[in-house]
Amino acid sequence: MAEVALRVPKGIICLLSALRFHGITTQAPFEVWLAIENKAIAPKLDYPPLRIVRFSGAALTEGVEEHIVDGVTIRITGVAKTVADCFKYRNKIGLDVALEALRDAWHEKRMTSDEIWRYAKVCRVANVMRPYLDSLA
């Protein structure tokens with residue numbers, strides 16, 4: 001992740017890579033999931049392998065945290081934003097992964113209901129997530 005952060009400074013670590021960083025998944029992605037701006041040119045790296053997703057507006061800028069990894073500041077989505085993103089990209093990563101992330105983050109009290117609702121609205125998946133959130137409450 002530190003390598004990607006150095007070589008793609010405007011990129012944001014997201015989805016499966018962010019879940020792994022936050023420790024709320026059993027998935028072990030073999031590539032680094034990276035969010036870039038909608039119209040940005042996709043970076044070409046030999047290593048590590050990248051999986052590019054495109055975000056725009058508030059979906060790109062909100063819920064981004066900065067952490068230090070191996071002495072490098074990385075930009076990564078927070079827990080609640082990552083879970084909402086998983087529902088937005090459920091067709092790419094699988095609904096089971098999104099549900100596992102929601103369940104784990106909720107039971108470990110890593111996010112509040114206000115946070116998850118806020119990011120569900122930002123990602124435009126509030127209606128998709130509503131039945132799953134109701135079942136947790």
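A polar contact is a pair of N or O atoms within 3.5 Å; within protein, one must be able to donate a hydrogen and the other to accept it. The model examined here is predicted.

T25 provides a case of such contacts. The residue lies in the loop between helix 2 (15-22) and strand 2 (32-37). A polar atom of the T25 side chain lies 3.0 Å from the backbone nitrogen of Q27. The side chains of T25 and E100 are joined by a polar contact of 3.3 Å. Beyond neighbours within four places in sequence, T25 is in contact with L19, R20, E100 and D104. T25 has a relative accessible area of 11% and therefore counts as buried, the cut-off being under 20%.

Just after helix 2, G23 takes a positive phi of about 75°. A18 lies in helix 2. Its relative accessible area is 0%, so A18 is buried. Leaving aside residues within four places in sequence, A18 is in contact with I13, I76, T77 and T82. A18 and C123 are 105 residues apart in sequence; their C-alpha atoms are 16 Å apart in space.

Helix packing was examined next. Two packed helices are described by the angle between their axes and the distance between the axes. The axes of helix 2 and helix 4 come within 9 Å and cross at roughly 145°. This crossing of helix 2 and helix 4 is left-handed. On the helix 2 side, L15, A18, L19 and H22 take part; they meet V79, T82, D85 and C86 in helix 4. By class, the contact of helix 2 with helix 4 has five nonpolar, two polar and one charged residues.

Helix 4 is itself mostly covered: nine of its ten residues are buried. The buried residues of helix 4 are V79, A80, K81, T82, V83, A84, D85, C86 and F87.

The residues of the contact of helix 4 with helix 8 divide into six nonpolar, no polar and no charged.

Helix 8 also meets helix 6. The axes of helix 6 and helix 8 come within 11 Å and cross at roughly 35°. The crossing of helix 6 and helix 8 is right-handed. L95, L99, L102, W106 and H107 in helix 6 meet M129, Y132, L133 and L136 in helix 8. By class, this contact of helix 6 with helix 8 has eight nonpolar, one polar and no charged residues.

A98 is found in helix 6 (residues 95-107). A98 is buried, since its relative accessible area is 0%. Not counting residues up to four places away in sequence, A98 touches C86 and F87. A98 and V8 are 90 residues apart in sequence and 26 Å apart in space, C-alpha to C-alpha.

Backbone geometry was considered last. Most residues other than glycine have a negative phi, and most peptide bonds are trans. The peptide bond from Y47 to P48 is cis, with omega near -5°. P48 lies in the loop between strand 2 and strand 3 (50-55). D70 is not a glycine, yet has a positive phi of about 55°. D70 sits in the loop between strand 4 (64-69) and strand 5 (72-77). With a relative accessible area of 74%, D70 is exposed. R124, also a residue other than glycine, has a positive phi near 60°. R124 lies in the loop between helix 7 (113-122) and helix 8. R124 is exposed, because its relative accessible area is 70% and the cut-off is over 50%.

Key. Residues numbered from 1 in each chain as written. Predicted model: local features only at pLDDT ≥ 70, side-chain atom pairs only at ≥ 80, totals over all residues. Heavy atoms only, no water. Helix = DSSP H or I, 4+ residues; strand = E, 2+ residues; numbered from the N terminus. Buried < 20%, exposed > 50% of the residue type's maximum accessible area, 1.4 Å probe, protein only. Contact = heavy atoms within 4.5 Å. Nonpolar A, V, L, I, M, F, W, Y, C, P; charged D, E, K, R; others polar. Axes fitted to C-alpha atoms, helices over the stretch in contact; angles between N-to-C directions. Left-handed = near helix turned anticlockwise from the far one by under 90°.
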